[in-house]
Amino acid sequence: MWLKIIWVVAIVINIASVTWFLIGATANFQRSLDLIATVTLIFIWIPSIALTVLSILLLKKGWIPSSSKSYVGFILGVIILLFLSVFLFKGVNTQGWLTERITSDSLKLTSDKKYEYRIDLINVFQKNNHARLYVKNVSTGKEMNIAVNIQTNKMVSIGIEHGRTNDWVLMERTDVSGRYNLYTTRDLRVPSEKFEIDVETGTSRRLE
């Protein structure tokens, strides 16, 4: 009886791990598998499924180890199930679904020296991607995030060069106090866009 209990527990843990890995590797089905996840899928995830299915079939048939060799095989099978489960649980990256995956350009200062700003790309290259502008008032230290409707869904790559300032957007002052124009640059690799940023209300709107 205790053998079946151990076996069932190992199967349940393995089913949970393969489900967790599939959801995590695809960011809850918001992105495709990367190279590492694909390799894990082939060499760990699929064998886990196969071993779990085999175990369930044997349980349904009422099989239990009846000799020393079958007993050793049973113990090894349970150990392998648990080992694969641990590997799958540890291989999940929660960024992009449980937590945001943020990619940012360099922090810059507006020409009037009033605000620091940068653009944050959230979950870039996923279906749930979006962008927001981080703004900090230099004199008061007040920070805010302003949603900006940049066409992040059209991005296929992004330009990041370490050791230099990355300017994905540029924010310029206007004649109206508290309002700035935000331009996307070539480095962002999206169609050129222009937005009006109102730092007093924390809003943005696209300009034609």
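## Helix pair

Helix α1 (residues 2-25) packs against helix α2 (residues 35-60) at an angle of about 150°, their axes lying 10 Å apart, where axes are lines fitted to C-alpha atoms over the stretch in contact and angles run from 0 to 180 degrees between N-to-C directions. Because angles over 145 degrees count as roughly antiparallel, α1 is roughly antiparallel to α2. Helices here are DSSP runs of H or I with at least four residues, and strands are runs of E with at least two, numbered from the N terminus.

The contact (heavy atoms within 4.5 Å) includes Trp7, Ile11 and Phe21 of α1, and Leu41, Trp45 and Ile56 of α2. By class, it has 15 nonpolar, five polar and one charged residues, with Ala, Val, Leu, Ile, Met, Phe, Trp, Tyr, Cys and Pro counted as nonpolar, Asp, Glu, Lys and Arg as charged, and the others, Gly among them, as polar.

## Sheet and hairpin

Strand β8 (residues 194-198) is joined to β9 by five bridges; aspartate 198 stands opposite threonine 203, and isoleucine 197 opposite serine 204. These two strands form a hairpin with four residues between them, and glycine 202 in the turn has a positive phi of about 70°.

## Basis

The model is predicted, so local features need pLDDT of at least 70 and side-chain atom pairs count only at pLDDT 80 or more, whereas totals for chains, interfaces and linings use all residues. Residues are numbered from 1 along each chain as its sequence is written, and side-chain values use heavy atoms, leaving out hydrogens and water.

How values were computed:
Pairing = 2+ DSSP bridges. Parallel < 35°, antiparallel > 145°, perpendicular 65-115°, else oblique.
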